[in-house]
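Please open the model in a viewer and keep a selection tool at hand.

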Amino acid sequence: MGKPIRVLQVLGTTDLGGAESRTMDLYRNVDRGRVQFDFAVHTSQKGYFDEEIESLGGYIYRLPKFRMYNGGSYRRAWKAFFAGHPGYACVHGHMTSTAGLYLPIAKAAGVPLTVAHARSAGVDRGPKGVATRLLRMGLAERADFCLAASALAGEAVFGKKAWERGRVRVVPNAITAQKYGYRPAVRKEMRKRLGLENALVLGHVGRFHPCKNHPFLMEIFAEVQKHRPDSHLLLLGEGAAMEQVQRQAQEAGLSGRVHFLGNRGDVYDYYQAMDCFVFPSFYEGFPGTVLEAQAAGLPCIVSDSVTREAGVTGLAEFAPLEEGAAVWAKRVLAAAGRPRFGRVEEICEKGYDTGTQAAVMQRFYETGEWG
């Protein structure tokens with residue numbers, strides 16, 4: 001057998017995050033004797049997945065972070081990269097904010113297949129969001145293929161015309177479903193370890209970023225506390241907005257009830273301990289965490305700003321943010337009492353398992369053809 005083809009995955013970091021975790025799930029499941037991944041990231045900091053990437057045979061390359069004032073040096077850095085690293089079969093860009101810059105450079109350097117992958121259906125507020133929208137203009141014409149985690153993400157990133165012309169293909173945001181299946185013994189063990197054997201346990205998994213709407217989540221939990229003083233909230237993730245949420249918990253007198261658990265590689269065990277998953281985001285592409293929670297059999301109360309495609313099973317209930325925290329709390333309390341059983345088989349049957357998706361993506365990387 002000859003050498004495997006190499007695919008360059010372009011990300012912001014290799015830390016725990018939606019795009020990063022889904023790409024790593026794919027990496028673990030492709031035949032690495034035929035398709036090997038390398039990673040181009042926009043940070044000098046070591047990432048959570050770095051050691052695993054290197055153990056699987058991948059290389060990590062570091063590019064400068066794009067700023068509006070360094071467009072010229074950013075392009076030069078990419079040109080120098082491809083000049084020094086020829087032979088890639090594909091460049092798969094998950095950073096769509098600057099994909100319109102680096103994908104044409106990859107194409108000009110002889111890369112046969114360039115891909116832009118939309119994973120979010122919104123942008124940051126303020127000047128940064130305006131800049132992102134400007135940079136994405138015309139992106140659908142600057143990539144060979146446009147992939148999206150959902151129809152909502154596809155239209156938001158590539159534009160309505162590109163979506164209507166069929167330029168965008170939706171790729172299920174697959175997970176390794178079996179890993180998240182409901183396990184009563186692990187649930188009992190985790191609740192004991194956390195000291196929450198007899199508590200009502202709510203949970204959320206996601207980075208501390210304004211789009212995740214943690215302040216509203218805290219308001220919901222404060223309302224739940226009025227009805228169930230034995231309730232606790234598990235928050236998994238990290239991010240710049242974490243200190244603000246910690247202050248909010250302290251000011252509301254909830255410090256002993258809200259557990260900031262950071263990034264966890266064993267997040268699948270924490271889902272077991274929860275009774276309800278609460279996800280009030282302002283926007284998402286396709287939240288893999290909601291899929292993971294459903295695999296674990298958790299009822300999920302999800303913002304109706306999130307694509308309905310995330311409701312792969314009947315466990316996801318979509319609610320308007322405008323209902324307010326008190327109504328959301330009632331929904332959470334009603335959902336938390338429902339019988340619990342996993343939905344792994346249903347998720348796999350609907351094509352959201354990584355094993356199925358890996359076979360599709362491997363063929364795509366090898367042939368440059370979709371379907």
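The stops below cover a sheet, a helix, a loop glycine, aromatic rings and nonpolar cores.

This is a predicted model, in which local features need pLDDT of at least 70 and side-chain atom pairs count only at pLDDT 80 or more, while totals for chains, interfaces and linings use all residues. Residues are numbered from 1 along each chain as its sequence is written, and side-chain values use heavy atoms, with hydrogens and water left out.

**The sheet**

Select the strands to begin. Helices (H or I, at least four residues) and strands (E, at least two) are DSSP runs, numbered from the N terminus. Seen in order 3-2-1-4-5-6-7, 7 strands make up an open sheet with parallel pairing; two strands pair if DSSP finds at least two bridges between them. The edges are strand 3 (60–62) and strand 7 (168–170), each with a single partner strand, so one side of each is left without a neighbour in the sheet. On average, neighbouring strands of this sheet are turned by 25° against each other, direction ignored.

Next, select residues 5–10 and 90–93. These are strand 1 and strand 4, which run parallel and are joined by 4 bridges. Leu8 has Val91 in strand 4 as its bridge partner.

**Helix 5**

Move to residues 127–136, which form helix 5; Gly129, Ala131, Thr132, Leu135 and Arg136 are buried there. Buried means under 20% relative accessible area, exposed over 50%, and partly exposed in between (1.4 Å probe, protein chains only). Just after helix 5, inspect Gly138, which takes a positive phi of about 80°.

**A loop glycine**

Select Gly58, in the loop between helix 2 (50–55) and strand 3. Gly58 counts as buried, at 4% relative accessibility. Leaving aside neighbours within four places in sequence, Gly58 is in contact with Arg6, Tyr27, Gln36, Phe37, Asp38 and Ile53.

**Aromatic rings**

Display Phe, Tyr and Trp side chains. Their rings (the six-membered ring for Trp) pair if their centres lie within 6.5 Å; planes under 30 degrees apart count as stacked, over 60 as edge-to-face and the rest as tilted. By this rule there are 24 aromatic pairs. Phe81 and Phe82 have ring centres 5.2 Å apart and planes at 80°, so this pair is edge-to-face. Phe81 and Tyr88 are stacked, at 6.3 Å centre to centre and 20° between the planes. One aromatic cluster includes Tyr59, Trp78, Phe81, Phe82 and Tyr88.

**Nonpolar cores**

Finally, select Tyr271, Met274 and Phe277, the residues with the most contacts inside the largest nonpolar core, which has 36 residues. A nonpolar core is a set of buried Ala, Val, Leu, Ile, Met, Phe, Trp, Tyr and Cys residues joined through side-chain atoms within 4.5 Å. Apart from this core lies another, of 32 residues, including Phe66, Tyr102, Leu139 and Ala143.

Methods. Axes fitted to C-alpha atoms, helices over the stretch in contact; angles between N-to-C directions. Contact = heavy atoms within 4.5 Å.
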